[in-house]
Amino acid sequence: MIETKIKATVRDVQDFPKPGITFKDITPILKDHGLCTEIAAALAEQLNGLKIDVVAGIESRGFLFGPALAQLLKVPFVPIRKAGKLPYKTIQESYALEYGEATIEVHEDALLSGQRVLIHDDLLATGGTVVAASKLIEKLGAEVAGYSFVISLDFLKGAERLSPYTDQVFSMAAYE
Ligand code: AMP
């Protein structure tokens, strides 16, 4: 089962990037090309036919499987990046981190009005990042059709923050 394989391969790094955080390091997954192929296929399959026009991936680990997922779904991939990285005109959204603030951006012409967007990242924690990404998508007149994660830390209840957008939240390896 893919969930068992992912959990057996991810490496827990204690106290990174700060004391008290157990970081889920997915680099051991990236060393296993067979598992990467399986994960990309399973990310597409778990959508269960949900209609998606665009996959939007979040910098930086949302860029690892997001483009592969978009190719399998035969739809465009749109990068959502940290402030100051995208070269063309952007719109921005800031959100609170545990300490301080972060800002993410998307190109102002990245989406068409009414497009159904799947937001993808490697991991769902508190949900703050994907809520900010959802706001960017709605600012461009598009719609959040679903959320796709390789891993979710369900004990942090991030999915509850996504319910105003959609209940279509997909994760392949959930930590209760
Ligand atoms: P959040 O906004 O709290 O849902 O955090 C999600 C973002 O932070 C994702 O881009 C994750 O890659 C990263 N992240 C948060 N917590 C962890 C963790 N425990 N292990 C690995 N990545 C994490």
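How far does a polar side-chain atom of D122 lie from an oxygen atom of the ligand? The distance is 2.7 Å.

## Basis of the model

This is a predicted model, in which local features need pLDDT of at least 70, side-chain atom pairs count only at pLDDT 80 or more, and totals for chains, interfaces and linings use all residues. Residues are numbered from 1 along each chain as its sequence is written, and side-chain values use heavy atoms, with hydrogens and water left out.

## The ligand and its shell

The shell around the ligand holds 13 residues. R61, D121, T126, G127 and T129 come nearest. A residue is near a molecule or strand if one of its heavy atoms lies within 4 Å of it. By class, the shell has 4 nonpolar, 5 polar and 4 charged residues. Here Ala, Val, Leu, Ile, Met, Phe, Trp, Tyr, Cys and Pro count as nonpolar, Asp, Glu, Lys and Arg as charged, and the others, Gly among them, as polar.

A polar side-chain atom of D121 lies 2.7 Å from a ligand oxygen. For G127, a polar backbone atom is 2.7 Å from an oxygen atom of the ligand. On its own, the ligand has 490 Å² of accessible area, and the protein covers 82% of that. Accessible areas come from the Shrake-Rupley method with a 1.4 Å probe; for residues, only the protein chains shown count as cover.

Helices (H or I, at least four residues) and strands (E, at least two) are DSSP runs, numbered from the N terminus.

## D122

D122 is found in strand β7. D122 is buried, at 5% relative accessibility. Buried means under 20% relative accessible area, exposed over 50%, and partly exposed in between (1.4 Å probe, protein chains only). The side chain of D122 also makes a polar contact with the side chain of R61, at 2.9 Å. A polar contact is a pair of N or O atoms within 3.5 Å; within protein, one must be able to donate a hydrogen and the other to accept it, and residues adjacent in sequence count only if both atoms are side-chain atoms.

## Cis peptide bonds

Which peptide bond has omega near -5°? The bond from F16 to P17 does, and it is cis. P17 sits in the loop between β1 (11–14) and β2.

The peptide bond from E59 to S60 is also cis, with omega near -10°. S60 is placed in the loop between β3 (54–58) and α4 (62–73).

## Positive phi and a loop residue

K74 is not a glycine, yet has a positive phi of about 60°. The loop between α4 and β4 (77–82) holds K74. K74 is exposed, with a relative accessible area of 73%. K157, not a glycine either, has a positive phi of about 60°. This residue lies in the loop between β8 (143–153) and α6 (158–162). K157 is partly exposed, at 49% relative accessible area.

Where is L97 placed? L97 is in the loop between β5 (90–96) and β6 (101–107). At 42% relative accessibility, L97 is partly exposed. L97 and T126 are 29 residues apart in sequence, and their C-alpha atoms are 9.6 Å apart in space.
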